[in-house]
Amino acid sequence: MATADMLSPTLGRTATTDTAGRRRGEVERPILSGAEITCRSLEAEGVTTVFGYPGGAVIPLYDALPASSLHHVLVRFEQWAALAADGYARVSGRPGVCMATSGPGATNLVTGLANAMLDSVPVVAITGQVAQPFIGRDAFQEVDITGITLPVTKHNYLVQRVEDIAPTIKEAFYLATSGRPGPVLVDIPKNLFIQKAPFHYPASSERRGYQPTSLPNLRQVRLAAEAIARAERPLIMAGHGVMLAGATDLFARFVERTGIPVAFTLLGLGCFPESHPLALGMMGMHGHKHVNAALEEADLLINIGARFDDRATGRIDGFAPKAKIVHVDVDPAEIGKNVRTDVPVVGDAAEVLRLLLPEVEARQHPIWTGWIDAQRNQTLVEALEDRPDWPEPYTIVREIAAASNNEAVISTDVGQHQMWTAQYFGFERPDRWITSGGLGTMGYGLPAAIGAALARPDLEVWAVVGDGGFQMSLAELATAAQEGANVNVAVINNGYLGMVRQWQDLFHQKNYSEVKIAGPDLAKLADAYGILGITVRTDAEIVPAIERARATPGPVLIDFVVEPEANVYPIVPPGASNSEMMHELKFRDTE
Ligand SMILES: Cc1ncc(C[n+]2csc(CCOP(=O)(O)OP(=O)(O)O)c2C)c(N)n1
């Protein structure tokens, strides 16, 4: 057993065996500062990129960064560091990492952590805390960030000893990525960044009392299979969990074997190709009419990896009224939380599907899918009327999809443009759709796109944003420019906080209160950041602008000036059930 006096000033040694007087199997434990230990621990986790902003409590940490292999992306506001880490994680499948100083730096992370919490995204945040002797004294830039973030993190820590930094970071990554993923915050007092200790990164981490269930109960799986065998009008509700579990291939095999059509939640889009005949499109508040109609008629709903969010379900007592409900979720707390469940299956979606596949028979449901297709033909996107005087938002979205062969990574802000994108892009692949579902965080689009572009420089990345949300995070254009990130920003500029205006229009007698929003000349703004800026005012300019952006390396901004008062349809009014959706579209029967 190593003791302090056995340690050389620069090298600690621990003997794992001691035979014949020879110290064998010795593990070298270099003596490092807490800051160096933090960097080495992140490196040991395979982290290459961190998003952050320096300040007093983390100056010692930033001292150690240049000597590490970590690429630090200097954001312009800490909230966007957390959200860039979120976008990075969603596209790469690896945890995103952000860092900030104590006090205001740490509190600025909170919205980003809440965003990751609600959408189950693995994010690890490292914050500096005031030095231990100052804790509890209202020291300069002291906040109780573990207290503040308790409800918006999966777990958080205030590290107490320099020796605990490495095992705590190990555990943080384990918690962030295992079971139901989520954000974890590690708060490290400034003096611990400076103190030294032998560094050893643990090979594994276990936390007593934390045993996520990944393997489902086979009896429950069989009950689900029996329900599937009996159903005549089965429907799958596919959520983010399919992708988080890396289960998209198994999911596709399950859908094709059972012949069951798929309704997607907002975050489930992309887990199965939308071009597949069994893919119906998005359900819920702005879902397609035929998808919500199918929910009305289904006699079995198999929810895989979604949490029955109210934007998907509408009023609960009118949700899937004829259906028996199977709910597959890795988090037992989700079972029965919002919707009564007949067959709960707790487990990782991949593990559940692996066990379920051999239990189900190959089938087709021609009468049922034929009925849905008849509904679908009435509401086809093609039926939308084009107004030649304005670039139509859905045309913009579909042209970006066409130009990139539906392969681009698309992030959005929150609002009308987000719903148009969800409705019309046509996602074919997992991990290409990056949107703030649970928290609905305006400003998300640009920083998340930067995170995505740095995670996958090989992919085409578009941030489709509203002019309101974009004005929250537009300073990140500087980050994109500084990083040379390949991000094309498409601002759907209607001069309004569009989604709020739409609700005021439809549900508050057109009382447009505080929704008219002026903004800068966006092309000039882009120019000021050294970025190509393009303004598009007509339909005919859409495709050339998209092509120019695609051909230009680094960030590009396109200001699409769209009709100010266009609404997103269909829409389920707040508090209504999905069957009460309003659709103002001018439908054309396509037979
Ligand atoms: C941080 C934050 N503040 C407020 C809201 C409420 N909100 C939801 S959508 C919306 C309007 C968004 O306007 P814009 O970004 O221009 O997008 P549009 O709806 O016009 O496409 C607002 C204010 C929010 N979601 N997030």
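Which strands does helix α5 lie across, and at what angle does it run to β10? I looked this up at the outset: α5 (residues 110-118) lies across β8 and β10, and its direction makes about 145° with that of β10.

**Entry 1. Conventions.** I note that the model is predicted, so that local features need pLDDT of at least 70 and side-chain atom pairs count only at pLDDT 80 or more, while totals for chains, interfaces and linings use all residues. Residues are numbered from 1 along each chain as its sequence is written, and side-chain values use heavy atoms, with hydrogens and water left out. I took helices (H or I, at least four residues) and strands (E, at least two) as DSSP runs, numbered from the N terminus. I counted two strands as paired if DSSP finds at least two bridges between them. Contact means heavy atoms within 4.5 Å. Axes are lines fitted to C-alpha atoms, for helices over the stretch in contact, and angles run from 0 to 180 degrees between N-to-C directions.

Entry 2. I traced an open sheet of six strands with parallel pairing, in the order β6-β5-β7-β8-β10-β9. The edges are β6 (71-74) and β9 (155-158); each has a single partner strand, so one side of each is left without a neighbour in the sheet. Direction ignored, neighbouring strands are turned by 20° against each other on average.

Entry 3. I then followed an open sheet of six strands ordered β14-β13-β12-β15-β16-β17, with parallel pairing. Its edge strands are β14 (279-282) and β17 (343-346), each with a single partner, so one side of each lacks a neighbour in the sheet. The twist from one strand to the next averages 15°. β16 (residues 324-329) and β17 run parallel and are joined by four bridges. In this pair, Val326 stands opposite Val343 in β17. Helix α12 (residues 289-297) packs on the sheet, touching β12, β13, β14 and β15, at about 105° to β14. Helix α11 (residues 248-258) lies across β12 (234-238), β13 (262-264) and β15 (300-304), with a direction at about 165° to that of β12.

Entry 4. For Gly468, a backbone N or O atom lies 2.8 Å from a ligand oxygen atom. A polar backbone atom of Gly498 is also 2.8 Å from an oxygen atom of the ligand. The ligand taken alone exposes 580 Å², of which the protein buries 76%; these areas come from the Shrake-Rupley method with a 1.4 Å probe, and for residues only the protein chains shown count as cover.

**Entry 5. Backbone geometry.** Most residues other than glycine have a negative phi, and most peptide bonds are trans. I noted a cis peptide bond between Tyr569 and Pro570, with omega about -5°. Pro570 is found in the segment after β23 (556-561). Asn406 has a positive phi of about 55° and lies in the loop between α16 (393-403) and β18 (409-412).

Terms used:
Polar contact = N/O pair within 3.5 Å; in protein donor to acceptor, adjacent residues only side chain to side chain.
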